[in-house]
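Subject: Structure handover and notes

Dear colleague,

Please find below the structure that I promised to pass on to you. My notes on what was found in it follow directly after.

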Amino acid sequence: ISLDKLPIKRLDVIEENGLERFPPDVGYEEKRQSLIRRIDFAWAVWQWQSMVENLQLAHQELSVIIDLINTVETNDAVTVASMTRPKPFHDEVMSDLAVSAATKLQCFRHLGKYFKQSAKALERQVAREARFYGALIRLQQNWKVKRQRGNEGFTIDLFDSSLYDPARPSSLSTVRVDHDSAGMLAINLPPNSYRSLQFGFLGEAEKESVSDDECVKETHSLLREVHQAIFDEQVFDLVNREAFNQSLGVNVTGIQENYLQLNIGQGTSVFISLVPSRPDQISCEIYLQQIFHQHVFVKAKDRGPGLLGHFCMSLAHRIFSNKVLKELENVVKGVPYLQLLSHPTWHSRTSSWMLFVKIPESILHAKSQFHTKVVVTDDCINVEGEGAPNVVGLFKGNSEEICLMNRYDCDLADLPVIILQQVASQVIRWLHEEALMVGIKANRDFLCLSFELDLGETLSLVAHVDPEDGEGCISWWLVINGGEERKLSMDRKFLGHLSLEVLYSTLMDLVSLCT
């Protein structure tokens, strides 16, 4: 598109008769050529004028030299006597030196670039070798690494006569070690050449099939949880044992089942708790592998029963001990002043718990707390408690004859009732000691504390135990037995589920009534 100003109608000729004539219209091509002619190229041509002149002079000199050479070639009589090279000017010498230095510098640059490339390649090769041999040295600290003959690499020898049967060698006794292009160490195992131990309970619901990646991810997660649980138990047990060391400056201010509360000074208190875990498939697999190593490495005389028998008995004990623990927790939930504490036994087929009744300090005159120990060995339950009267003494009619410790066996169904009776008898013993401290004569029975009134009447505080009672497992009754005038008569009043403080106040009211 060519843009131009609007054309101006210029007058060309006026004839005699007065007729005006205008010049003819110019076409597009003529106008374009006219515009081109108006462009001044002098400024562009002037810059190359000197170069053109120099080329013309050089062409003339070259023509003279060519003519001279042709003349010499055609006439043998003409020879060149001598030819003197003209002395170069100072600028020409400096120019030659500059060209030579630039050429050498370019050569040095190419040589330096080659050395840099070679150094980088050598550095990468050294890094690959260092990475591979560094990993191999770390493996050699725990595994038996062997070099193959010639230059065939390395292998790891996994054969151990103490673990394997020489008559049945494993196909994985020798593992080849390779490294990739990046220098990473790799273990070369044939596919489907090794298997893992799997354990499960019959009758469990089958999980939906998942992909390989999800299965591996879940397995890693479970193994980490089990490993963390084992570590947490060890840490909690270590803290539990070290907390009672008075030299550490740490005071134990609270202790419960899997719970420890500490005072670390300056009014700061912390607690450490441990959530109990159930025996699951992964933990059983790990335990089976653990007792396998124990079975292999201990002496033959210390092995005891077979590996499979010991594992099955240990597994049965874990399941049974969890049932016992559940019953104990239900009992503790129903008795506010009863607390439960686990004791580590360091034996896979023995579990132990301690239940104790803590007497309030404001009431205490003699004993601070009463203990009841529950020990489960395999599937046998043994209860050992203090504070209960001697059963033989009860039959003899002497309730004052007290056995410091009672030991008896029981089954799982009777365990809650036996524990509640033991705890109630300990509370009765404490109330009996408090009554004697104030000078009141009282008779103590297994679950009853009796006071003699006038006219031969007897006032008794009786404990009633019921593991199924949702409001409380131990309740209290007040019973009045008639004297000689009201033989075989009995009045009973339900007092409710009382705390130790309320029981002490009730005892003091009964003492006032008796005096």
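What percentage of the residues of the protein chain count as buried? Of its 515 residues, 25% count as buried, where buried means under 20% relative accessible area, exposed means over 50% and partly exposed lies in between, computed with a 1.4 Å probe on protein chains only.

Before the details, please keep in mind that this is a predicted model, in which local features need pLDDT of at least 70 and side-chain atom pairs count only at pLDDT 80 or more, while totals for chains, interfaces and linings use all residues. Residues are numbered from 1 along each chain as its sequence is written, and side-chain values use heavy atoms, with hydrogens and water left out.

Overall picture

The protein chain has 9 helices and 19 strands, which are DSSP runs numbered from the N terminus (helices are H or I with at least four residues, strands are E with at least two). Its accessible surface comes to about 37,700 Å², of which 56% belongs to carbon and sulfur atoms; such areas come from the Shrake-Rupley method with a 1.4 Å probe, and for residues only the protein chains shown count as cover. Among contacts (heavy atoms within 4.5 Å) between residues at least 6 apart in sequence, 45% join residues at least 24 apart.

Sheets and a helix across one of them

Strands of a sheet pair through backbone hydrogen bonds, either parallel or antiparallel. Here, two strands are taken to pair if DSSP finds at least two bridges between them.

Helix 3 spans residues 90-140 and includes Phe108, which is exposed, with a relative accessible area of 58%. Together with Leu111, Tyr114 and Phe115, Phe108 forms a nonpolar patch on the surface with about 480 Å² of accessible area. Patches are made of residues with over 30% relative accessible area and no salt bridge, like charges being joined within 9 Å and nonpolar side chains (Val, Leu, Ile, Met, Phe, Trp, Tyr) within 5 Å.

Another open sheet is formed by 3 strands in the order 7-8-9, again with antiparallel pairing. Its edge strands are strand 7 (251-256) and strand 9 (269-273), each of which pairs on one side only, and its neighbouring strands are turned by 20° against each other on average, direction ignored. Strand 7 pairs with strand 8 (residues 259-263) over 5 bridges, and the bridge partner of Gly254 in strand 8 is Gln261.

Salt bridges

Side chains of opposite charge can pair when their charged atoms come close. The structure holds 4 salt bridges, each being a side-chain nitrogen of Lys or Arg within 4 Å of a carboxyl oxygen of Asp or Glu. In one of them, Asp378 and Arg349 meet at 2.9 Å, N to O. Asp378 lies in the loop between strand 12 (369-377) and strand 13 (380-386), and Arg349 in the loop between strand 10 (338-343) and strand 11 (350-358), so the pair ties together parts that are 29 residues apart in sequence. Asp378 is partly exposed at 22% relative accessibility, whereas Arg349 is buried at 14%.

Arg407 forms a salt bridge with Glu384, with the closest N and O atoms 3.5 Å apart. This pair links strand 14 (residues 405-410), which holds Arg407, to strand 13, which holds Glu384, across 23 residues. Arg407 is exposed at 57% relative accessibility, and Glu384 is partly exposed at 21%.

With kind regards

Technical notes:
Axes fitted to C-alpha atoms, helices over the stretch in contact; angles between N-to-C directions.
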